[in-house]
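Here are my notes on the model, point by point. Please read them with the structure open.

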Amino acid sequence: MKQILIDVPLCQAVMGRLQTMAGVHVIVADPITEEPRALPPHILSKTNILFCSQPPTNFNELTALEWIQLCSSGFEQLLGLNLPELNVRATNAQGVFDVP
């Protein structure tokens, strides 16, 4: 089972779809914030997917992390985390707000 940690606001419809997916356990950070801060290590150690605007200050506790999705179009907040060495894929929201 994949654990998804969400630290950004999501609409109820999207949250409902995530929570009904087979093989997925969804945890929502409390409180949700864009400010960097430490999150509970017991949650981070089991998190496979992180959806956030800022990674937690105790990022090294994310020992099972496979993918980090940023809600911003930039990625500066990930610099220095050595994601390639950790085999962690990172994606951002570049293009989400584009219009034809």
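1. A definition to start with: a salt bridge here is a side-chain nitrogen of Lys or Arg within 4 Å of a carboxyl oxygen of Asp or Glu. K2 and E66 meet that cut-off, because their closest N and O atoms are 2.6 Å apart. Keep in mind that this is a predicted model.

2. Where do K2 and E66 sit in the chain? K2 belongs to strand 1, and E66 to the loop between strand 3 and strand 4. The pair links distant parts of the chain, 64 residues apart. K2 is partly exposed, with a relative accessible area of 34%. E66 also counts as partly exposed, at 35%.

3. How many salt bridges does the structure hold? The count is 2. Besides K2 with E66, R37 forms a salt bridge with D7. The closest N and O atoms of R37 and D7 are 2.5 Å apart. R37 lies in the loop between strand 2 and helix 2, while D7 lies in the loop between strand 1 and helix 1, so this pair ties together parts that are 30 residues apart in sequence. Is D7 buried or exposed? D7 is buried, with a relative accessible area of 2%. As background, side chains of opposite charge can pair when their charged atoms come close.

4. A29 belongs with the previous point. A29 is placed in the loop between strand 2 and helix 2, which spans residues 41–44. At 9% relative accessibility, A29 counts as buried, because the cut-off is under 20%. Which residues does A29 contact, leaving aside neighbours within four places in sequence? They are L5, I6, D7, R37 and L39. E85 is 56 residues from A29 in sequence, and their C-alpha atoms are 26 Å apart.

5. In what order do the strands run? The 5 strands form an open sheet in the order 2-1-3-4-5, with parallel pairing. Strand 2 (24–28) and strand 5 stand at the edges. Each has a single partner strand, so one side of each is left without a neighbour in the sheet. Neighbouring strands are turned by 15 degrees against each other on average, direction ignored. In general, strands of a sheet pair through backbone hydrogen bonds.

6. Go through the pairings. Strand 1 (residues 2–6) pairs with strand 3 (residues 49–52) in the parallel sense, over 3 bridges. Within strand 3, L50 is the bridge partner of L5. Helix 1 (residues 12–20) packs on the sheet and touches strand 1 and strand 2. The direction of helix 1 makes about 140 degrees with that of strand 2.

7. Strand 3 and strand 4 run parallel and are joined by 4 bridges. I49 stands opposite W67 in strand 4. Strand 4 is also joined to strand 5, again in parallel, by 3 bridges. Here T91 in strand 5 is the bridge partner of Q69.

8. Q69 deserves a look. Q69 is found in strand 4. Is Q69 buried or exposed? Q69 is buried, with a relative accessible area of 18%. Not counting residues up to four places away in sequence, Q69 touches L50, F51, C52, T91, N92 and A93. L50 is the bridge partner of L5, and T91 is that of Q69.

9. On the cysteines, the structure holds 0 disulfides. C52 is in none, and the nearest cysteine sulfur, that of C71, is 7.2 Å away. C52 is buried, with a relative accessible area of 0%. C71 is partly exposed, at 30%.

10. Last, N87. N87 is found in the loop between strand 4 (67–70) and strand 5 (89–91). Is N87 buried or exposed? N87 is exposed, with a relative accessible area of 67%. T57 is 30 residues from N87 in sequence, and 19 Å away in space, C-alpha to C-alpha.

Technical notes
Residues are numbered from 1 along each chain as its sequence is written. This is a predicted model: local features need pLDDT of at least 70, side-chain atom pairs count only at pLDDT 80 or more; totals for chains, interfaces and linings use all residues. Side-chain values use heavy atoms; hydrogens and water are left out. Helices (H or I, at least four residues) and strands (E, at least two) are DSSP runs, numbered from the N terminus. Buried means under 20% relative accessible area, exposed over 50%, partly exposed in between (1.4 Å probe, protein chains only). Two strands pair if DSSP finds at least two bridges between them. Axes are lines fitted to C-alpha atoms, for helices over the stretch in contact, and angles run from 0 to 180 degrees between N-to-C directions. Contact means heavy atoms within 4.5 Å. A disulfide is a pair of cysteine sulfur atoms within 2.5 Å.
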